[in-house]
Amino acid sequence: MAAEKSSIKIITLIAADGSVFEVEPNIVKEMKTVQSYIDELDQNTVSIPLPNVFGNDLAMIIEYCKKHASEEETKEAKEEFDFEFVKRMKSDDKLRLLQAASYLNMESFLQFMAKAIAAEIENQSVEFVRDYFQIESDFTPEEEAELRKENEWAFK
Amino acid sequence: MAPRSRVILPEDLIAEILSLISVKSLLRFRCVNNSWNSLILNPTFVKLHLKRSSQQNDLFTLTTHHIKYGFDESPDSSDDDLEHGYSVVPYSISRLIENPSFTHFEDPYYHLNDKGCSTMVGTCNGLILLADDSDAGRSHEYLFSLWNPATRTTSPKFGYFRDSRRERFAFSFGCDNSSNTYKVVASRYIRDQLSTEVRVLNLGENVWRNIESYPVVPVDLKSKDNYVYLNDTLNWLAIHNYFEYKIKNANNVKGISVKQFVIVSLDLGTETYNQYLLPRGINDKVLPAGPTISLLGGFLCFSYSYKKTDFVVWQMKKFGIEESWTQFLKISYQNLSPAYDYDDTWNYRLKLFPCLLSEDGYTLILRSSEVEAILYNWRDNRVKRINIIPSRTLIDDDTIDIVDWSLAKGYVESLVPTF
């Protein structure tokens, strides 16, 4: 194992709504934003405010990190966890967690969320996607008709 | 009902999501709004999508050859009534492994004749290079077209040339990704000069340039799967003193030692050649039958028959590093025999070519001739014969349809434009 640069034992994460989470350093390893903050710090504890992440979301991310950081869990158990983790989320949860992953600079969790969202919109209609992301069309009806005609086969 | 909370994603996160979506859905999603439309057409996004798509490694070009005999009884009928053409359909390897016997009904969209081309040269970054080779009196005429089956776009014809030598050109296709230049390489033997001729065309320039000929002559320029495209290079299996052997042994390359074989690699960026030695672990003085190179699971592979008992596959773990050759598989012919009906001596004559490898790396697709292929799972030693029955129409119209496994190549879906 690589030598730990910092002597920190407990990290306190403070979410946007003020809720507080105390975690061990190995849990935040994937959160590069947090990691860059604690590297080189020479103290036992540290508090880090995360004004862009809500408590509920942070709780879920920590749950995910705990499962994936665990060395006792098998690969199959982790996959099973991932499956259930996504299943209980609404689409807005996924979008918020993707944003949180981006803010915390968590590469593999970001990919995981992007995949979950991609699976929801794959093979769906334009209308479904607009509703999903709450996007309004800014095409004129003529422009949209033209575009649809250009790739007509893709609508079948 | 309470309104949904509004989560507005920045464009880089939208791009992350869309990079995981199929091309067909993306073409539809261009209609979402203006910013999605320009994102999906953006070259940086096209590259990101290609990168993600390339990690999947599940598609290949399922190529079928259709031959129609004209049983026309009119007095004008002749041998020219023989019609033939190819179809190329991207197909999933995992689906083939799940179900290796099926009737393959083809969408007419995938017929190459309708695209004005007779055959497929190769594939790179989701683009398929098509070629048309026809006789014009005593000379041959060549023409090309670029096709992206995922976006359903085909380029105008390009690269026309006419040539009157007896030896025909063989073509290969690749990309120098550092300069984003796609290149077609044409090469052939020139027997009376005991040499080769190599020409290159950069896509978009439409000019054929002669480059240095091969430093060592490729063995099988005429076969359809004579080259491997990998890491911005084109690779051929070659033999020192090729012509000497061809002439002395009347086309029989038996009796050539391992040391005479090398892999000749053309760097598409610099247009210069490198040469790589074969694995040192092969001790035999005489190279056994059927040496061939292929691309399996992203690695350049070298395979051959060992003492008529085994089929051996080596992987070059780090491309260009001769020390990285690693024995990947050694398959006993006995294990493969359930897939064939031949008698006891069949394995002496059986020449195997690895075509494709499943995503998990356990199942190999091997062809024994152009039209016959099997699945071999090396982990649990299972063999299955592949039996795809191509069908152009539901009506029996005297057409013979066969799968051409020598043109089964790894394919990735991409948004890369055809020009």
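Reader: Which residue is the bridge partner of B:Leu357 in β23(B)?

Author: Strands of a sheet pair through backbone hydrogen bonds, in either a parallel or an antiparallel sense. In this predicted model, the partner of B:Leu357 in β23(B) is B:Leu364. That bridge belongs to the pairing of strand β22 (residues 353-357) of chain B with β23(B), which is antiparallel and extends over 4 bridges.

Reader: How many residues lie between the strands in the hairpin of β22(B) and β23(B), and which residue there takes a positive phi?

Author: The hairpin has 5 residues between the strands, and B:Gly361 takes a positive phi near 80 degrees.

Reader: How many bridges join β23(B) to strand β24 of chain B?

Author: Strand β24 (residues 373-377) of chain B and β23(B) run antiparallel and are joined by 5 bridges. In this pairing, B:Leu366 stands opposite B:Ile374 in β24(B). These two strands also form a hairpin, with 5 residues between them.

Reader: How many residues of strand β23 are buried?

Author: To read burial, one counts neighbours: a residue is buried if 20 or more other C-beta atoms lie within 10 Å of its own. Strand β23 (residues 363-367) of chain B is mostly covered, with 5 of its 5 residues buried.

Reader: Which residues of β23(B) point one way, and which the other?

Author: B:Thr363, B:Ile365 and B:Arg367 point one way, while B:Leu364 and B:Leu366 point the other way; all of them are buried. For chain B as a whole, buried residues make up 38% of its 419 residues.

Reader: In what order do the strands β18, β19, β20 and β21 of chain B form their open sheet?

Author: The 4 strands follow the order β18-β19-β20-β21, and their pairing is antiparallel. Because β18 (292-296) and β21 (325-332) of chain B stand at the edges with a single partner strand each, one side of each is left without a neighbour in the sheet. From one strand to the next, the twist averages 30 degrees.

Reader: How many bridges join strand β20 of chain B to β21(B)?

Author: Strand β20 (residues 310-316) of chain B and β21(B) run antiparallel, joined by 7 bridges. Within this pairing, B:Met316 stands opposite B:Trp325 in β21(B).

Reader: How many helices and strands does chain B have?

Author: Chain B has 8 helices and 28 strands. Its contacts can also be read by their separation along the sequence. Of the contacts in chain B with a separation of 6 or more, 54% are between residues 24 or more positions apart.

Reader: Into which domains is chain A divided?

Author: Chain A is divided into domain 1 (10-122) and domain 2 (123-156). The centres of these two domains of chain A, taken over C-alpha atoms, are separated by 34 Å.

Reader: Which feature does UniProt place at residues 110-154 of chain A?

Author: The UniProt record, an unreviewed entry, places "domain: SKP1 component dimerisation" there. Over residues 110-154 of chain A, the chain is 67% helix and 0% strand, and the end C-alpha atoms are 29 Å apart.

Conventions: Residues are numbered from 1 along each chain as its sequence is written. Chains are lettered from A and ligands numbered from 1 in the order in which they are written. This is a predicted model: local features need pLDDT of at least 70, side-chain atom pairs count only at pLDDT 80 or more; totals for chains, interfaces and linings use all residues. Domain bounds come from an automatic or database domain assignment. UniProt positions are given in the numbering used here, feature names are shortened, and annotations may be inferred rather than shown by experiment. A residue is buried if 20 or more other C-beta atoms lie within 10 Å of its own, exposed if 12 or fewer, and partly exposed in between; C-beta atoms are placed from the backbone. Two residues are in contact if their C-beta atoms, placed from the backbone, lie within 7 Å. Two strands pair if DSSP finds at least two bridges between them. Axes are lines fitted to C-alpha atoms, for helices over the stretch in contact, and angles run from 0 to 180 degrees between N-to-C directions.
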